[in-house]
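Subject: Structure for you to look at

Dear colleague,

I am passing on the structure we spoke about, and below it I have set out what was found. Please keep in mind as you read that this is a predicted model.

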Amino acid sequence: MEPKPFKAFKAPERILLGPGPSNMPASVSQALAMPVIGHLDPAFLMIMDEVQEMLRATFQTKNKLTIPVSGTGSAGMEAALANFIEPGDRVLIGVIGYFGERMVTMAGRYGATVDRIEVPWGQVLDLGEVEKALAKNKYKLLAVVHGETSSGAQQPSIKEMAVMAHKHGALFVLDTVATLGGIPVEVDARDVDVAFSGSQKAISAAPGLAPITVGARGEEILNKRKTPVGSWYLSLSEVQKYWGKERTYHHTAPIQLNYALHEALRLVAEEGLEARFARHQRNAEQLWKGLEELDMELLVRREHRMATVTSVKVPPSASHDLVKKRLLEDYGIEIGAGLGQLKGQIWRIGLMGHSSQRKYVSLVLAALREILASG
Ligand SMILES: Cc1ncc(COP(=O)(O)O)c(C=O)c1O
């Protein structure tokens, strides 16, 4: 049989205003096109050192163990759980949406007894309830999501939760996949023990790397483990031997993804964290105002909204799928669908990293106005 003549693929141009990935700046795309070099090449080792240094600045931490895990945000999540859980440990997970659920599932797979503290999607955890839950049992860790991409809710009182977890002898783990680079994470100031993220959202690098940072309490647990980590690939003590001084081969680093992350983090530093956070907040507020002017209802109360992802309810007269389709086909704009229990009920509009631009806010509002008016 004749081989099928496949055409070279050309990716369409999109304005990525969904819950991730976000658009990459041109210099980040160009970084991806540089040649592969060896994962122990001195030039690559230099990039690795700088990536770690810039990640520390972005996480706002001095933690030595701060690296990009090879894999997407879920690999970061898995690393943040697998390394600190031993079979039989009891853990407490805050569930304010889809990604809290994912942590529950993962923790269970690593042999933990999982208790959950939960609120309806769109709401956030109450500190008093967290304290009550922590007091019920001896927990190895408390894990919560900082910015719940599935609902657009941002969990406040992170520092207070970390203090509570420590008072009860638990490690505090934070999912910052949708917040790092767009909303202050402040790992050291808030005493967060383990934070993980993704490269493709407010950092605007290519998907495929998961920054993680581990503080002293976490390192102590790693050093005292009685059983090997349930995942060979994500075992941080071993991965660290490649990223640290030893430079021992563990797995082949995704070379180009690290080039792209290096360039994206360089742009984060160049803009400055404070200016970047202010840009995200400013553009989000413009979006919220514009959506309300279109008589649309936002899912999350103002004080709990996150700047990176906004959930807006689908008006009764509109079709969830059709509006999304028309935004993509007529305007080249991608927005996100409702997930899980909010499937079909909300759209999620992301303004993250390079996608958080005033002109995109105007564009998506104008497009929505036109589509909704045309029925
Ligand atoms: C809050 C949160 N956690 C975890 C993940 C998982 O990341 P990934 O899809 O990159 O594996 C996501 C992705 O959307 C997320 O938004």
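I begin with a pair of helices: α2 (residues 42-59) packs against α9 (residues 255-271) at an angle of about 40°, and their axes lie 9 Å apart. That angle makes α2 oblique to α9, and the crossing of the two helices is left-handed. On the α2 side the contact is made by Phe44, Ile47, Met48, Glu50, Val51, Met54, Leu55, Ala57 and Thr58, which meet Ile255, Asn258, Tyr259, Leu261, His262, Leu265, Arg266, Val268 and Ala269 in α9.

To the contact between them domain 1 gives 23 residues and domain 2 gives 22 residues; on the side of domain 1 that touches domain 2, eleven residues are nonpolar, eleven are polar and one is charged.

Finally, there is an open sheet of three strands, in the order β11-β14-β13, with antiparallel pairing. Its edge strands, each of which pairs on one side only, are β11 (309-313) and β13 (336-337). Strand β13 is joined by two bridges to β14 (residues 346-350), the two running antiparallel, and Gly336 has Arg348 in β14 as its bridge partner.

Conventions. Residues are numbered from 1 along each chain as its sequence is written. This is a predicted model: local features need pLDDT of at least 70, side-chain atom pairs count only at pLDDT 80 or more; totals for chains, interfaces and linings use all residues. Axes are lines fitted to C-alpha atoms, for helices over the stretch in contact, and angles run from 0 to 180 degrees between N-to-C directions. Helices (H or I, at least four residues) and strands (E, at least two) are DSSP runs, numbered from the N terminus. Angles under 35 degrees count as roughly parallel, over 145 as roughly antiparallel, 65 to 115 as roughly perpendicular and the rest as oblique. A crossing is left-handed if the near helix is turned anticlockwise from the far one by less than a right angle, and right-handed if clockwise. Two residues are in contact if their C-beta atoms, placed from the backbone, lie within 7 Å. Ala, Val, Leu, Ile, Met, Phe, Trp, Tyr, Cys and Pro count as nonpolar, Asp, Glu, Lys and Arg as charged, and the others, Gly among them, as polar. Two strands pair if DSSP finds at least two bridges between them.
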